[in-house]
Amino acid sequence: MRYVIDPPAIPSLPVIGREERFPIRRVFCIGRNYAEHAREMGATVDTSTPMFFCKPADAVVTDGADVPYPSATSDLHHEVEMVVALQSGGQNLDAAQALKAIFGYGVGLDLTRRDLQAIAKAKSHPWDVAKAFDHSAPVSALRVASDAAPHAQTRISLTVNGQLRQQGQLGEMVHGVADIIVALSTLFELKPGDLIFTGTPAGVAALQRGDRFRAELQDIAVLEGRIA
């Protein structure tokens with residue numbers, strides 16, 4: 001097929017132990033999925049209806065590349081999250097189908113222009129400029145689910161310049177992985193290549209140029225990088 005302009009490259013992530021990479025189609029995120037984080041943001045937790053938003057696939061930063069400090073903000077915040085990668089999809093999935101759809105797991109940062117988010121909230125505007133900006137989703141290499149799967153006691157953490165900023169256990173999530181996938185499948189037709197950010201524990205804070213971060217999903221994935 002010929003195009004009038006060169007088509008964009010397909011974003012992708014490395015896979016631990018494999019030469020092939022994982023192509024990224026869409027990036028879904030869930031908000032307020034740890035109660036302590038919701039409280040630190042002055043929000044309540046809706047245990048019945050998950051809150052979703054999206055980032056563009058080309059917002060993903062891979063292979064430990066530097067993350068440019070974004071424009072139009074002076075308050076860039078980190079939110080460390082487990083990332084789930086899908087190998088299949090569908091609509092109106094049940095829990096068993098949701099779990100079978102998982103290719104693997106990683107760890108990432110949902111970067112947020114917090115000052116722009118506060119303005120959007122105050123005006124009841126969408127959050128897109130606060131969440132879906134360029135380079136807003138650094139993600140680690142993926143671990144294939146059959147090699148290592150997380151559980152309720154799996155620890156997720158983030159250090160910045162060697163200092164612990166965030167930590168929690170996956171069992172603290174309000175909505176578990178299967179429930180998130182099931183809920184998303186009622187709103188979108190999920191497909192292979194989709195990524196899902198699953199929420200952040202408490203402790204979000206600002207990042208500055210030159211900061212070095214290390215995100216870890218215990219025994220599964222590590223992401224290291226620098227804010228440039």
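Reader: Is Thr 112 buried or exposed?
Author: Thr 112 is buried, because its relative accessible area is 0%. Buried means under 20% relative accessible area, exposed means over 50%, and partly exposed is in between (1.4 Å probe, protein chains only).

Reader: What kind of model is this?
Author: This is a predicted model, in which local features need pLDDT of at least 70 and side-chain atom pairs count only at pLDDT 80 or more, while totals for chains, interfaces and linings use all residues. Residues are numbered from 1 along each chain as its sequence is written, and side-chain values use heavy atoms, with hydrogens and water left out.

Reader: Back to Thr 112. Which residues does it touch?
Author: Leaving aside residues up to four places away in sequence, Thr 112 touches Asp 75, Leu 76, His 77, Glu 79, Gln 117, Ala 130, Lys 131 and Phe 133. Contact here means heavy atoms within 4.5 Å.

Reader: And which strand is Thr 112 in?
Author: Thr 112 lies in strand S9, residues 112–113. Strands (E, at least two residues) and helices (H or I, at least four) are DSSP runs, numbered from the N terminus.

Reader: How many helices and strands does the chain have?
Author: The chain has five helices and 16 strands. Its radius of gyration is 17 Å, close to the 17 Å that the globule rule gives for 228 residues, so the chain is as compact as a globular protein of that length. That radius is taken over C-alpha atoms, and the rule is 2.2 Å times the number of residues to the power 0.38.

Reader: How much of the chain is buried?
Author: Buried residues make up 48% of the 228 residues.

Reader: Take helix H5. Which of its residues are buried?
Author: In H5 (residues 177–187) they are Val 177, Ala 178, Ile 180, Ile 181, Ala 183, Leu 184 and Ser 185. The buried residues of H5 pack against several elements, including strand S3 (27–31), helix H2 (95–100) and strand S14 (195–197).

Reader: Different topic. What does strand S12 pair with?
Author: S12 (residues 155–160) pairs with S13 (residues 163–169) in the antiparallel sense over six bridges. S12 also pairs with S15 (residues 212–217), again antiparallel, over five bridges. Two strands pair if DSSP finds at least two bridges between them.

Reader: Which residues face each other there?
Author: Arg 155 has Gln 169 in S13 as its bridge partner. On the S15 side, Ile 156 stands opposite Leu 217, and Leu 158 has Ala 215 as its bridge partner.

Reader: Which residues of S15 are on the covered face?
Author: Phe 213, Ala 215 and Leu 217 form the covered face of S15, and Arg 212, Arg 214 and Glu 216 the uncovered one. In a regular strand the side chains alternate between the two faces of the sheet.

Reader: What else does S15 join?
Author: Six bridges join S15 to S16 (residues 221–226), and the two run antiparallel. Glu 216 stands opposite Val 222 in S16. S15 and S16 form a hairpin with three residues between them, and Asp 219 in the turn has a positive phi of about 65°.

Reader: Where else is phi positive?
Author: Asn 161, in the hairpin of S12 and S13, takes a positive phi near 55°. Arg 32 also has a positive phi, near 55°, and the residue sits in the loop between S3 and helix H1 (35–40). At 32% relative accessibility, Arg 32 counts as partly exposed. For Asp 63, phi is near 60°, and its place is the loop between strand S5 (60–61) and strand S6 (76–77).
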